[in-house]
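Open the model in your viewer and keep the selection tool at hand. The tour goes stop by stop.

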Amino acid sequence: MDATGHPHRRAMLTGGLLAAAAALSGCSSKSTPKTADAAPRKATKTAAPDPRPTTAKEAFARLMEGNKRWVSGNLQHPDRDPTRRELVAQTQEPYGVILSCIDSRVPPELLFDTGLGDLYVLRTGAQAVGPVVTGSVEYGPMTTGTPLIVVLGHQRCGAVEASYKALREGATLPGNLQAIAEALRPAYEQTVKRPGADPVDTMARAQARLTAGDLRSNKDLAPLVKKHSLAVVSAYYSLDTGQVEVLSGAPS
Ligand SMILES: [Zn+2]
């Protein structure tokens, strides 16, 4: 099934990687839609007015347009119906990867006003990363050519605040929460040097910037960034206004 143009971009990739991608996402091109007779007509109706972004710049613009709607309340709730579900049931080609916090007030699909199959979304406390999370972020760009990664920090982040206090006091957070604090240590150390008026907020912004920087320069993603087929953006979400503010890496 190629209603979304999926194979076109995937043709750039190696066979082994494609096989792994297909196995993981269930998006093998060998699949035959059970609703083949009905799907194309419905698919055209949904997809035609709103073609999928194919570049980092287009993808980023799409997200920011959605965020404007979220801020203003003029929401479209795009692609959230059975027709869309049918369209993406056999294959997917999200145009963005969002790495954000687990905070219940920061749901990427809502604050960017996106629909089913638009985004790969990863959420960890304060966007803390480790090998599994990094691998999951890499999945879209490395297998289906997803052109954009956004690392989204936010206002009044509880995970950042707890980590800041624990690291400052040399305390150990309970359970596995300490792993989050340790993952945030680089952001903490940067914050200590220039804390600003609100150190926790400074650290939240630093965490998004540093995480995006690490992804941008890692050995697997850096080549994609270099040839401009991928942009890695850091951003900050205001709980008060709903607005997403770009911190670094916006595609031009
Ligand atoms: Zn948070």
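The stops below cover a metal site, aromatic rings and charges over rings. Keep in mind that this is a predicted model.

**Stop 1: the zinc ion**

Select the zinc ion, then show C101, H154 and C157. These are its protein donors, through SG of C101, NE2 of H154 and SG of C157. Along the chain, the donors follow the spacing C-x52-H-x2-C.

C101 is in the loop between β1 (96-100) and α6 (108-111). C157 is in the loop between β3 (148-154) and α8 (158-169). The two are 56 residues apart, so the pair links distant parts of the chain.Are these cysteines buried or exposed? C101 has a relative accessible area of 3%, and because buried means under 20%, C101 is buried. C157, at 2% relative accessibility, also counts as buried.

**Stop 2: the aromatic pairs**

How many aromatic pairs does a search of the whole structure find? There are two. For one of them, select Y120 and Y139. Their rings are edge-to-face, with 5.6 Å centre to centre and 85° between the planes. Y120 belongs to strand β2 (residues 119-123), and Y139 to helix α7 (residues 131-143). This pair also links distant parts of the chain, 19 residues apart.

**Stop 3: charges over rings**

Next, select R62 and Y95. R62 lies over the face of Y95, 5.7 Å from the ring centre. Finish with R205 and Y236. Here the charged end of R205 sits over the ring of Y236, at 3.8 Å from its centre.

Methods: Residues are numbered from 1 along each chain as its sequence is written. This is a predicted model: local features need pLDDT of at least 70, side-chain atom pairs count only at pLDDT 80 or more; totals for chains, interfaces and linings use all residues. Side-chain values use heavy atoms; hydrogens and water are left out. Donors are N, O and S atoms within 2.8 Å of the metal (3.2 Å for Na, K and Ca); water is not among the atoms, so sites may look incomplete. Helices (H or I, at least four residues) and strands (E, at least two) are DSSP runs, numbered from the N terminus. Buried means under 20% relative accessible area, exposed over 50%, partly exposed in between (1.4 Å probe, protein chains only). Rings of Phe, Tyr and Trp (its six-membered ring) pair if their centres lie within 6.5 Å; planes under 30 degrees apart count as stacked, over 60 as edge-to-face and the rest as tilted. A charge sits over a ring if NZ of Lys or CZ of Arg is within 6 Å of the ring centre and within 35 degrees of the ring normal.
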